[in-house]
Amino acid sequence: MKIHSFKTNESGLNRFFGPLEARIMHILWNGPEMAIKDVQARLAKEQAINFNTVMTVMNRLVDKGVLRKRAEGRVSLFQPTQSLEQFLETQSKELTNDLLEEFGPLVVNHMLDALEEADPALLEQLEQKIQALKKER
């Protein structure tokens, strides 16, 4: 699943989702599968929100492939299709590939420039990855 709009002017999950989508995903990534009314109840602790609004957004997240929906009796239960860690891994890989495809060497240069302020452990990890790639070739 690929999120098609990455917002550079946002932070966290809001880079991938609208504000309500991000709040819903946060709730579902931090709990068990839930019915719409349970998600609505959690959202309502911060601000009143209409059940139909939550239902529409959750069903759109199903359509996008981010949530899975299953029926249990008369209730639909929702859960993320990936863990938060898997989602971030997938999206960051997609974004990196898109940037490399579109901008090539410029992206690599900017990433290397950004490493000047990186944690030494990250630099060591990168060096090991480069060595492994060289051995494969």
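Residues are numbered from 1 along each chain as its sequence is written, and side-chain values use heavy atoms, with hydrogens and water left out. In this predicted model, local features need pLDDT of at least 70 and side-chain atom pairs count only at pLDDT 80 or more, while totals for chains, interfaces and linings use all residues.

Biologist: How far apart do the C-alpha centres of domain 1 and domain 2 lie?

Modeller: The protein chain is divided into domain 1 (12-80) and domain 2 (84-136), with bounds that come from an automatic or database domain assignment. Four residues of domain 1 are in contact (heavy atoms within 4.5 Å) with four residues of domain 2. The distance between the two C-alpha centres is 32 Å.

Biologist: How many salt bridges are counted between domain 1 and domain 2?

Modeller: The side of domain 1 that touches domain 2 has four nonpolar residues, no polar and no charged; Ala, Val, Leu, Ile, Met, Phe, Trp, Tyr, Cys and Pro count as nonpolar, Asp, Glu, Lys and Arg as charged, and the others, Gly among them, as polar. A salt bridge needs a side-chain nitrogen of Lys or Arg within 4 Å of a carboxyl oxygen of Asp or Glu. The count between the domains is zero.

Biologist: In which order do the three strands form the open sheet?

Modeller: Strands (E, at least two residues) are DSSP runs numbered from the N terminus, and two of them pair if DSSP finds at least two bridges between them. Two bridges join β1 (residues 34-35) to β3 (residues 75-80), while β2 (residues 67-72) pairs with β3 over six bridges. β1 and β2 each have a single partner strand, so one side of each is left without a neighbour in the sheet. The pairing is antiparallel, and the order is β1-β3-β2.

Biologist: Which residue is the bridge partner of A35 in β3?

Modeller: R70 stands opposite L77 in β3. The bridge partner of A35 in β3 is also L77.

Methods. Helix = DSSP H or I, 4+ residues; strand = E, 2+ residues; numbered from the N terminus.
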